[in-house]
Amino acid sequence: MSTRIAFLKGHGTENDFVIVPDPENAIDLPPSAVAALCDRRAGIGGDGLLHVVRSAAHPEAKEMAAEAEWFMDYRNGDGSIAEMCGNGVRVFARYLQRAEHVGEGDLAVATRGGVKRVHLAKDGDVTVGMGKARLPEGEVTVSVGERSWPARNVNMGNPHAVAFVEDLAHAGDLLAPPPFSPASAYPDGVNVEFVVDRGPRHVALRVHERGAGETRSCGTGACAVAVATARRDGADPAVTGTPATYTVDVPGGTLVITELPDGEIEMTGPAVIVAEGEIDADWLASLAG
């Protein structure tokens with residue numbers, strides 16, 4: 001058995017990830033090991049971890065293997081499992097391209113949020129079909145300190161609460177999850193986006209991702225924000241028959257989100273691999289004990 005395990009490091013609009021290629025799903029990655037790998041002082045550092053597995057080799061993805069060869073077994077930075085990560089899918093696709101598993105053009109990636117369609121463009125940008133947003137009924141409120149705002153409940157395969165604020169500084173330090181009510185709206189926690197307007201169909205956000213804290217970017221969050229902003233602006237492509245495109249600034253860059261008349265949402269942005277190396281297998285094994 002090798003005493004070293006390969007890893008790479010990548011980011012999408014500075015939402016960064018540890019990438020662990022493991023086609024046959026042979027590496028044990030318990031939550032403690034994932035959290036240690038994502039630790040910025042004692043590990044490699046990342047908002048999350050992309051475990052790269054062939055769909056046929058993973059029990060959660062076997063049923064998707066005929067449609068998508070590769071499964072993004074995504075973990076949050078604290079080791080918990082997440083359904084989807086939009087920036088992560090772009091970086092995942094970039095890794096597959098770098099490893100020569102795929103080339104430019106279209107591919108399918110299996111996730112816990114379903115199979116996602118991806119396009120690797122010649123100019124370097126990656127577009128991901130993020131599926132359709134669901135807008136659960138019911139009023140939601142999020143709070144920071146003494147301030148509270150109504151929030152739009154948007155589900156992108158994972159839950160989001162989108163609050164429009166006057167100043168992004170009102171979100172505070174975002175070190176702890178912003179309180180929300182009612183608790184029944186998000187029994188498993190929620191990603192909270194604070195949003196300000198920058199111009200026509202142009203907004204900026206800060207986000208607290210459940211299990212990760214404030215991050216430099218959140219792909220599903222940018223999609224949720226675009227949909228919530230469109231509805232606030234009175235735009236619904238399903239009604240008008242016209243796509244709605246929003247530019248969404250995140251702390252780490254810019255994403256372009258388009259909601260199509262059929263409800264499908266496309267996200268376009270950069271994805272970069274910045275390093276690769278080896279993990280000490282003995283150290284990793286000690287974390288699983």
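A: A definition comes first: a cavity is a set of grid points where a 1.4 Å probe fits but cannot get out, and its volume is the space filled by probe spheres set on those points. The model shown here is predicted.

Q: How many cavities of 30 Å³ or more does the count come to?

A: The count comes to 2 cavities of that size. The second largest cavity has a volume of about 30 Å³, and the largest cavity holds about 100 Å³ of space.

Q: Which residues line the second largest cavity?

A: The lining of the second largest cavity consists of A226, V227, A230, A244, Y246, I257, T258 and E259. Two or more residues each are given to this lining by α3, β15 (244-250) and β16 (253-259). By class, the lining has 6 nonpolar, 1 polar and 1 charged residues.

Q: And the largest cavity, which residues lie nearest its centre?

A: Those are N76, M84, N158, N191 and E209, out of 14 lining residues. The elements that contribute two or more residues to the lining are β4 (70-76) and α3 (219-232).

Q: How do the residues of that lining divide by class?

A: The lining of the largest cavity has 5 nonpolar, 6 polar and 3 charged residues.

Q: Let us turn to α3. Why is it described as largely enclosed by the rest of the structure?

A: Of the 14 residues of α3, 12 are buried, so the helix is largely enclosed by the rest of the structure. Buried here means under 20% relative accessible area. The buried residues are G219, T220, G221, A222, C223, A224, V225, A226, V227, A228, T229 and A230.

Q: What distance does α3 reach from its first C-alpha to its last?

A: Helix α3 reaches 20 Å, close to the 20 Å expected at 1.5 Å a residue. After α3 comes G234, whose phi is positive, near 80°.

Q: Which residues touch the most other members of the largest nonpolar core?

A: In that core of 51 residues, M72 and I257 touch the most other members. The largest share of the core, 8 residues, comes from α3. Another core lies apart from it, with 17 residues, among them V142, A171, V192 and V196.

Q: What does I257 touch?

A: Leaving out residues up to four places away in sequence, I257 touches A222, C223, A226, A244, T245, Y246, V248, I265, E266 and M267.

Q: Now for α2. How many of its residues are buried?

A: Helix α2 is mostly covered, with 11 of its 13 residues buried. Among them are G86, V89, F92, Y95 and L96. Helix α2 spans residues 86-98 and reaches 19 Å from its first C-alpha to its last, close to the 18 Å expected at 1.5 Å a residue. It is followed by E100, whose phi is positive, near 65°.

Q: What do the buried residues of α1 pack against?

A: They pack against β2 (15-21), β3 (48-54), β4, β18 (272-280) and α5 (281-287). The buried residues of α1 are A33, V34, A36, L37 and C38.

Q: Which residues is E139 in contact with?

A: Apart from neighbours within four places in sequence, E139 is in contact with S181 and P182. The C-alpha atoms of E139 and A244 are separated by 24 Å, with the two residues 105 residues apart along the chain.

Notes:
Residues are numbered from 1 along each chain as its sequence is written. This is a predicted model: local features need pLDDT of at least 70, side-chain atom pairs count only at pLDDT 80 or more; totals for chains, interfaces and linings use all residues. Side-chain values use heavy atoms; hydrogens and water are left out. On a 1 Å grid over the protein atoms alone, a cavity is a set of points where a 1.4 Å probe fits but cannot get out, and a pocket is an open set with protein on both sides within 12 Å along at least five of seven lines; lining residues have an atom within 4 Å of a point. Helices (H or I, at least four residues) and strands (E, at least two) are DSSP runs, numbered from the N terminus. Ala, Val, Leu, Ile, Met, Phe, Trp, Tyr, Cys and Pro count as nonpolar, Asp, Glu, Lys and Arg as charged, and the others, Gly among them, as polar. The expected span of a helix is 1.5 Å times one less than its number of residues. Buried means under 20% relative accessible area, exposed over 50%, partly exposed in between (1.4 Å probe, protein chains only). A nonpolar core is a set of buried Ala, Val, Leu, Ile, Met, Phe, Trp, Tyr and Cys residues joined through side-chain atoms within 4.5 Å. Contact means heavy atoms within 4.5 Å.
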